[in-house]
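Open your viewer and keep the selection panel handy. We will take a short walk, one selection at a time.

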Amino acid sequence: MKPDARHVCRHAHLVTWVDEIARLCRPAAVHWCDGSDDEYQRLCAQLVAAGTFTALDPQRHPGGFLARSHPADVARVEDRTFICSPDPADAGPTNHWRDPAETKATLTRLFTGAMSGRTLYVVPFSMGPIGSPYARIGVQLTDSAYAVVNLRIMTRIGSPVLDRLASDGAYVPCLHSVGAPLAPGQADVPWPCNPEKWICHFPAERAIWSFGSGYGGNALLGKKCFALRIASVIARDEGWLAEHMLILGLTAPNGRKRYLAAAFPSACGKTNLAMLQSALPGWSVTCVGDDIAWLHVAEDGRLRAINPEAGFFGVAPGTSATSNPHALAAIQANTIFTNVALTPDGDVWWEGKTPTPPPRLIDWTGQDWTPGCGRPAAQPNSRYTAPARQCPVIDPAWEDPDGVPIDAIIFGGRRLGTVPLVNEARSWAHGVFLGSTCASETTAAAGGAQGVLRRDPFAMLPFCGYHMGDYFAHWLAMGRRLDPAKRPRLFYVNWFRKGADGRFLWPGFGDNVRVLKWILEQLDGHDHIRTTPIGLMPTADGIDVQGLTLARGAMDELLAVDAAGWRRELESIATYYGTFGERLPAELGDELAALRSRLGE
Ligand code: OXD
Ligand code: MN
């Protein structure tokens, strides 16, 4: 390695911490990342030499690489993700809690000598455009070159961040090891990791320690660990919101543009919605971010959002020219694919990329694969890591340090029944009620059973770093801090409702713009709205269906208030709310009672 960025660091505390960790983990070398292209290329070449990366065909995917993880290291491990708050009650019933002192002691044992034979990379990174008043800095210490190159795409890293940190700037320390020390002379494996995994958050000291996994949200600590779990705690304390939300700009045929944010659980189509190709002529969507939003109350009382990330870590399966042509364009070059299949000519493939698979592939485990062999070619949670700036519809303001003004917030999930295509909250408190009751079928983004309905409030179930009841209270308080005339309106959508024949009633993807159009019309004070017990819903002719052929009766079903389904829902919400005990804000109990009485119960 060439001389590193250590010499530009003026931050004595950071230098001391790096020295301390180096003494503990005993790496063979320490490298301070400058974030340059040169450094990125060298690390990628090193990963190719180590067998971690396969370079893709440069004609098809210039600067593209494929990585295959260890087959047991393929997703976020929610059951090994801990919130180590001093008081267990502060982690709340939705998190796994561990005692901070005991956990530090266990981890200190595990980290002792954990980086032997490897390089410790020091990666200063900024979540948010460097210099934005809303950006925050972290420093990840990691022994994974794979994590470094992914972080360089997903965040802004290196010397400019050290400059910004100056001699005394605040940073979130993020310690990471794959937990696979090398004895002298021991050969490395392409994907080092440890069967024992610990993803630990210390909210009181705002620190993250992650051990044993090299994959995604377990290893790229800026993303879920910092930008959601730790940032949600910082946001609670400072009066802002760190959310699992995409941000998009929607432009109407008259040129009027509005920004919307939307929360959906993992692998429910956030990336597809964030860069949607409109099925309605004259309407267009631009993308500010596809996964995380940091939202602040601006001086004028409006809510403004930045995307703290700089890249997309998207789910590959299902991404196609139909579902998301803009994502396909964004991942054409300079992209790292993890756990997808490889074609004989150096291209990548995954289920759903084309209607029929190529006749021969190497699957994500490195074995020969032919159609009908009974195994998926790509791992269901396989991913691409791509620079956001490569998205053809990236919004011109996506790096605006002041963020973009948010006029509507949408919640949603995968619901096969009961929940209609769209409804609007009657008030901010009712919107918080809707957000708090979000539920979805589980997907491959996390380990564990799939297709099971679980409550995922605000799509933050795996990502809220403190007690969920307090988080609901924080949302209610945020509504009081916003100017009522400028406050975003709150909506709930469901693209996934199925008919009696088991088929989806709504086409989704580019046609979702029809629902966005209705939402925008509501902001502009149009009608096509009716009051129902569950919220404000489109009239039968409210959703623009020009050019769309829906099954007979589908729209009625999509906009129906299913009384029996809602009665079951009431009971399920009451049981769920019961889990928060006295930390459930009274307003939400009131909203549940009001819904019950509106439904005539
Ligand atoms: C993600 C997730 O990777 O939510 O964005 O799992
Ligand atoms: Mn996500």
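**Start at the hairpin**

Select strands S10 (residues 198–202) and S11: the two run antiparallel and are joined by five bridges. Strands here are DSSP runs of E with at least two residues, numbered from the N terminus, and two strands pair if DSSP finds at least two bridges between them. This is a predicted model, in which local features need pLDDT of at least 70, side-chain atom pairs count only at pLDDT 80 or more, and totals for chains, interfaces and linings use all residues. Residues are numbered from 1 along each chain as its sequence is written, ligands are numbered from 1 in the order in which they are written, and side-chain values use heavy atoms, leaving out hydrogens and water.

Four residues separate S10 and S11 in this hairpin, and Arg206 in the turn has a positive phi of about 55°. Next, click Trp198, whose bridge partner in S11 is Phe211.

**Along S11**

Leu175 stands opposite Trp209 of S11.

Show the S11 side chains: Ala207, Trp209 and Phe211 point one way, Ile208 and Ser210 the other.

**On to the metal**

Select the manganese ion (ligand 2). Its protein donors (N, O and S atoms within 2.8 Å of the metal, or 3.2 Å for Na, K and Ca) are Lys224 (NZ), His244 (NE2) and Asp291 (OD), 2.1 to 2.2 Å away. Water is not among the atoms, so the site may look incomplete. His244 sits in the loop between S12 (241–243) and S13 (245–251), and Asp291 in the loop between S15 (284–289) and S16 (293–297), so the pair ties together parts 47 residues apart in sequence. Both His244 and Asp291 are buried.

Note on methods:
Buried < 20%, exposed > 50% of the residue type's maximum accessible area, 1.4 Å probe, protein only.
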